[in-house]
Amino acid sequence: MNTYFIRRLLPFYAIGVLIEVLCTGYEIYLSADSLDYSFLTIVKSLGITITTTTLAFLLLMIPYTLYLVICPDSLQNSKLDKIISSVFFFIYVSFCILEELCVIQIRQELTSFQMLIDNSDPINIISSLIIAALSLKLTYKSLTTDITSPRLLNRIFQGCVYLLICFMVFQNTHMHNLTTQVNLTNDEIAREDTFTLLHSTIEHNFDE
């Protein structure tokens, strides 16, 4: 099995999980008094966090995955390819950090990208860019390691499978099912905020 896409996307997923773990830990600290700490609720909350973090990652990585599909064989692992990958990584980390900082700041569920923009103060934006730059510096080696790519037709097939997976999981994932059915605070913290943002925005556009 060719692991080209997995290896190219792994640095993005790893940093995305790290950001979510750190921010979720901080939100738990802020809401410690109102959380349910029973074993079953914690297990359910962890499952929701893993599920929504992974789904958000899959949706956010669609543009980069399409780039990997259409990137000519002659440019694979080239200097230009590594620069483009680094730009994608910087944008991805910046967005994830900014979104998390905004959610912590406004203490309410985001329902659209416009709310994210409206509540983004300069400090959050600057902090996000700085953290993204540091993350890029620390992961640059793994991000730009030469990886043998499959041929174009193989990449197109794998890209189509990726898009099909994204479509299927989004269509079959409903926010009202992502609940511990015990504590609303647990649910709000457990749900990955980027997924909540994307899911609410896309569903709103579909409804219109």
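View 1. The model is predicted: local features need pLDDT of at least 70, side-chain atom pairs count only at pLDDT 80 or more, and totals for chains, interfaces and linings use all residues. Residues are numbered from 1 along each chain as its sequence is written, and side-chain values use heavy atoms, with hydrogens and water left out. Y4 is part of helix α1 (helices are DSSP runs of H or I, at least four residues, and strands are runs of E, at least two, numbered from the N terminus). What is the relative accessible area of Y4? The value is 1%, so Y4 is buried (buried: under 20% relative accessible area; exposed: over 50%; partly exposed: in between; 1.4 Å probe, protein chains only).

View 2. The side chains of Y4 and Q76 are joined by a polar contact of 2.5 Å. A polar contact is a pair of N or O atoms within 3.5 Å; within protein, one must be able to donate a hydrogen and the other to accept it, and residues adjacent in sequence count only if both atoms are side-chain atoms. Y4 and Q158 lie 154 residues apart in sequence, yet their C-alpha atoms are 9.6 Å apart in space.

**View 3. E20 in helix α1.** Helix α1 covers residues 4-30 and includes E20. Is E20 buried or exposed? E20 counts as buried because its relative accessibility is 3%. With neighbours within four places in sequence set aside, E20 contacts T49, T53, E100 and E192.

**View 4. S86 in helix α4.** S86 sits in helix α4, residues 79-106. Its relative accessibility is 9%, so S86 counts as buried. Which residues does S86 contact, leaving aside neighbours within four places in sequence? They are L136, Y140, L143 and T144.

**View 5. The whole protein, for context.** The secondary structure comprises nine helices and zero strands. Along the sequence the pattern reads α-α-α-α-α-α-α-α-α. Of the 208 residues, 44% are buried. Among contacts with a separation of 6 or more, 83% join residues 24 or more positions apart. The protein exposes about 11700 Å², and carbon and sulfur atoms supply 69% of that area. Accessible areas come from the Shrake-Rupley method with a 1.4 Å probe; for residues, only the protein chains shown count as cover.

Key
Contact = heavy atoms within 4.5 Å.
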